[in-house]
Amino acid sequence: MGGGAAAAPIPRLTAITFLFLLPIVIQSHTPSISVRDFGATGDGKHYDTAAIQSAIDSCRTKPCYVTFPTGTYLTATIFLKSNVILDIPKGSTILGGTKLEDYPKEFDRWYVILAENARDVGITGGGVVDGQGLEFVVKFDERKNVMVSWNQTGACSGDECRPRLVGFLDSTNVRVWNVTFRQPAYWCLHIVRCENTSIHDVSIYGDFNTPNNDGIDIEDSNNTVITRCHIDTGDDAICPKTYTSPLYNLTATNSWIRTKSSAIKLGSASWFELNNLVFDNITIVDSHRGLALQIRDGGNVSDITFSNINISTRYYDPSWWGRAEPIYVTTCPRHSDSSEGSISNLNFVNISAVSENGIFLSGSKGGLLRNLRFININLTYKRWTKYMGGLVDYRPGCQGLVNHSTAGIIMEHIDGLDVENVNMRWFDGQTVQWDNPLDFRPSTVNNISLLNFHSGVYKQGRGSSEQIPLFGSN
């Protein structure tokens, strides 16, 4: 193969560097306000909304910790304000209401906890925020639950009209740490148009069969750090997206993810640029898709690094987007009149994957994939579920689901691909299901460089346990 185009240098991991941008919030010796002093019962049956809101509104110190003594606090939407930290200790739960009247009239303000235009604000304590997501299930289905939709309000349309769990909108110096978010009815933690956000030591547990219960959605926000998080949910786990402005400087590290959709997904909302994102030292298990870029609305993506990541992907019901791809990079127009965005300077370094399907790299005629680098990649392909293979998934929009033979890497509309130290192995006895290691048309793929690329059958010794050597450990 010919020499590839020069790629941009791999950005240094910047999670620690970003921390200087974040607020220094010191809890020790800081005065606190108890919601019990304002009449909260914490019995999980009576609404404590007024008492909680009164406690928040009474805050005068900076920072002000609003505490929740042991108990369960049922509430409608509560509104955080600047300099307020919700301190939910272990043994305490904030329980979101399940009635339409529990939430504001405007759909985009449907959250159990909401901060708008706030500074130096956050949630901590070791306790739980619970959205009672299972109360919104109309029909339980192991393939995918059927959910309630409050679209009769006129505030929203479609089948996704349910409240989110926690939202920070147009805020600065946001910190969420040492807390568990459980059973969101819709998106869980939503960061919108925020500057300087730190999310660490957070656990997220969503129902595995519930659609649209994303873990962390970062929207139009800049200078964000996510680290030491555990996310186990049905839909996308970490999802940067752009609706109204660019997104830049996002670092996610040292986390564990399981999902029936994409573990990490850029898009699909992508009207503006996404730049300078780093994902490092992440474990992805039993997910429908590992690392994904799903660019559909004309925004350009550049300077993204995925490093030191272990991945296991498998098939689930095809009603979920994804076909067990460990790595999925696509750009195409959502609609016939949509713009085509480009993806460039993408780095995959020290990636190990065990998967039921191969890598899918697909640009479009007006939105090429440029300067992709794969360095130290270990791929093991095998089948262990009974779901049908042989499909390529372009959803949303574009071509939908398309019949296509299974390959190690499928490529189309690419200019510049460097592959170095890649080991691709096919599990013994299952190679009949795979057509070839590399699948592409020379007319749409140019400037490929292969250095130390290996492909072969993986043979397991009789009586020995399966050993999949990894380039990095998590």
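How much accessible surface does the protein have, and what share of it belongs to carbon and sulfur atoms? The accessible surface comes to about 18200 Å², and 49% of that belongs to carbon and sulfur atoms; accessible areas here come from the Shrake-Rupley method with a 1.4 Å probe, and for residues only the protein chains shown count as cover. The model is predicted: local features need pLDDT of at least 70 and side-chain atom pairs count only at pLDDT 80 or more, while totals for chains, interfaces and linings use all residues. Residues are numbered from 1 along each chain as its sequence is written, and side-chain values use heavy atoms, with hydrogens and water left out.

The protein contains two helices and 35 strands. Both are DSSP runs numbered from the N terminus, helices being H or I with at least four residues and strands E with at least two. Of the 474 residues, 60% count as buried, where buried means under 20% relative accessible area, exposed over 50%, and partly exposed in between (1.4 Å probe, protein chains only). Among contacts between residues at least 6 apart in sequence, 78% join residues at least 24 apart; a contact means heavy atoms within 4.5 Å.

Strand β29 covers residues 369-381, and twelve of its 13 residues are buried. Two strands pair if DSSP finds at least two bridges between them. Strand β27 (residues 343-355) runs parallel to β29 and is joined to it by eleven bridges, with V349 opposite I375. β29 also pairs in the parallel sense with strand β33 (residues 414-427), over eleven bridges; there, N378 stands opposite N423. Within β27 lies N350, whose phi is near 55 degrees, a positive value in a residue other than glycine. N350 counts as buried because its relative accessible area is 18%.

Strand β16 (residues 195-205) is mostly covered too, with eight of its eleven residues buried. Nine bridges link β16 to the parallel strand β14 (residues 172-182), and S203 is the bridge partner of T180. Strand β18 (residues 222-227) runs parallel to β16 and is joined to it by five bridges; T197 stands opposite T224 in this pairing. Strand β19 (residues 230-233) is parallel to β16 as well, with three bridges between them, and I231 in β19 is the bridge partner of I204.

Another positive phi occurs at N254, near 50 degrees, again in a residue other than glycine. N254 is in strand β21 (residues 247-259) and counts as partly exposed because its relative accessibility is 39%. A cis peptide bond, with omega about 0 degrees, joins G267 and S268; S268 belongs to strand β22 (residues 262-268).

A cis peptide bond also joins R395 and P396, with omega about 0 degrees. R395 sits in the loop between β30 (391-393) and β31 (401-403), and P396 lies in that loop too. Is R395 buried or exposed? R395 is buried, because its relative accessible area is 15%. The side chain of R395 reaches the backbone oxygen of P318 at 2.9 Å, and a polar atom of that side chain lies 3.1 Å from the backbone oxygen of W320. Leaving aside neighbours within four places in sequence, the residues in contact with R395 include Q294, R296, S319, W321, Y328 and L401.

Technical notes: Polar contact = N/O pair within 3.5 Å; in protein donor to acceptor, adjacent residues only side chain to side chain.
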